[in-house]
Amino acid sequence: MRGARADMAAALCGGARGRLLWWLLAAAALAPRPARALIEGLYCGRQVCYDVLGVSRAASKAEIARAYRQLARQYHPDRHRGEPAGPGGETLQTAHEKFLLIATAYETLKDEETRKDYDYMLDHPEEYYSHYYHYYSRRLAPKVDVRIVILVTVCAISVFQFFSWWSSYNEAINYLATVPKYRIQASEIAKQQGLLNRAKEKGKNRRSKEEIREEEEEIIKDIIKNKIDIKGGYQKPKIYDILLFQILLAPFYLCKYIAWYCWWIYCFNIKGREYGEEEKLYIIRRYMKMSQSQFDTLEDNQRKTFLERQLWIRENYEVYKQEQEEELKKKMAMDPRWKRYRRWMRNEGPGRLTFIDD
């Protein structure tokens, strides 16, 4: 009986030892293997950069630079074209490879941050993936400050934006100068101001008809610029509207909007004050999903109609919107171009294959 109990205890102890050994083997298999300190493809590869330059790890930047210059003069490929590179009888190819290795070692050790990463790799060879990350993060990092790049890009976009707006504004002025309605009004204003009174010029000061016509054209355009308020996409550009100033003034606009929104909630939601004309037009513009510049292009009689019909009330606006949609459908039904398009869609259609003889 005692013998059976002893055998059972030995079996249990043997089983416990087996399970312990199995766990130890599994942990060893799953544990990351320590990497070697010198990794192929990083820095100087399988060679130590300090040994390549022949200096110690405690060498200063001046000693590293001095060693690099001596080795660079010794192994420069241009110095050994067609001749052995040194006492070892290296060829031009081996001298070139040696020179590249020396340059790589110097590039690694001359920079304080890169040298610090390299020393850390020598001291902690087990952090395999960390070494790859630090090496390629510094290698692929941009040489120029990203903030400078962003600033230059924003400035370039702002300059292009400003001149593009000026070009559109001048196109609008040139077009309005050809419209008889505005041209006649501008001419009358110029005559009243004495700008178009043609006095006979004699002698050397006499100008040609072409010069007089160009001067009159510029006068008319200047009057149109001063008397007509162009709105929308062709309005006169302002420097505060370009991208650079919009970014700089973004915090101010944000604080201004928050203050305005709090004022709106307090006045109209809490105190129940009635809307003014500006507030009514703002609500109408929100319902119509129009920007401020688009809403400014509307005629005054249209805005007056909006106020008369009380479109700031949601129900009234929905009725107005339905009426506009019905009116648009009627116009499209009577439009001959729309009729031709519907006829083409019914007979041909975009997905139908047809053969037309030229």
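Predicted model: local features only at pLDDT ≥ 70, side-chain atom pairs only at ≥ 80, totals over all residues.
Start with the whole. The protein has 16 helices and zero strands. It counts 358 residues, and 23% of them are buried. The accessible surface comes to about 27600 Å². Carbon and sulfur atoms hold 56% of that surface. Now look at how the chain meets itself. Take the contacts in the protein with a separation of 6 or more. Residues 24 or more positions apart account for 59% of these contacts.

Next come the salt bridges. The count comes to eight. Begin in helix H4, which spans residues 92-110. Here Glu107 forms a salt bridge with Lys110. The closest N and O atoms of this pair are 3.4 Å apart. The two residues are separated by about one helical turn, because they stand three residues apart in helix H4. Both partners are partly exposed. Glu107 has a relative accessibility of 45%, and Lys110 has a relative accessible area of 35%.

Glu97 is found in helix H4 too. Its relative accessible area is 46%, so Glu97 counts as partly exposed. From Glu97, look across to Tyr75. The two lie 22 residues apart along the chain, and their C-alpha atoms are separated by 9.2 Å.

Which side chain meets Arg183 in a salt bridge? The partner is Glu217, at 2.9 Å from N to O. This pair links distant parts of the chain, 34 residues apart. Arg183 sits in helix H8, residues 180-192, while Glu217 sits in helix H9. Arg183 is partly exposed at 29% relative accessibility. Glu217 is partly exposed as well, with a relative accessible area of 22%. Buried means under 20%, so the value of 22% places Glu217 in the partly exposed class.

Arg309 and Glu323 make another such bridge, again at 2.9 Å from N to O. Arg309 counts as partly exposed, at 33% relative accessibility. Glu323 counts as partly exposed too, at 38%.

Some bridges join into a network. Arg57, Asp119 and Asp123 are linked in this way.

Move on to helix H6, residues 128-139, where Ser130 has its place. At 24% relative accessibility, Ser130 counts as partly exposed. Its C-alpha atom is separated by 9.9 Å from that of Asp117. Along the chain, Ser130 and Asp117 are 13 residues apart.

Now turn to patches on the surface. Which residues gather in a patch of positive charge? They are Arg66, Arg69, Arg73 and Arg79. Arg66 belongs to helix H3, residues 61-75. It is partly exposed, with a relative accessible area of 43%. A patch residue needs over 30% relative accessible area, so Arg66 passes that cut-off.

Asp222 has its place in helix H9, residues 209-227. Its relative accessible area is 37%, which makes Asp222 partly exposed. Helix H9 also holds Glu217, the partner of Arg183 described above.

Leu254, Tyr257, Ile258 and Tyr261 make a surface patch of about 430 Å². Tyr261 lies in helix H11, residues 250-270. With a relative accessible area of 43%, Tyr261 is partly exposed.

To recap, the model shows 16 helices and zero strands. Eight salt bridges are counted in it.

How values were computed:
Residues numbered from 1 in each chain as written. Heavy atoms only, no water. Helix = DSSP H or I, 4+ residues; strand = E, 2+ residues; numbered from the N terminus. Buried < 20%, exposed > 50% of the residue type's maximum accessible area, 1.4 Å probe, protein only. Contact = heavy atoms within 4.5 Å. Areas by Shrake-Rupley, 256 points an atom, 1.4 Å probe, with all protein chains shown as cover. Salt bridge = Lys/Arg side-chain N within 4 Å of Asp/Glu carboxyl O. Patch = residues over 30% accessible without salt bridge, like charges linked within 9 Å, V, L, I, M, F, W, Y side chains within 5 Å. Lys, Arg positive; Asp, Glu negative; His and termini not counted. Charge placed at Lys NZ, Arg CZ, Asp CG, Glu CD.
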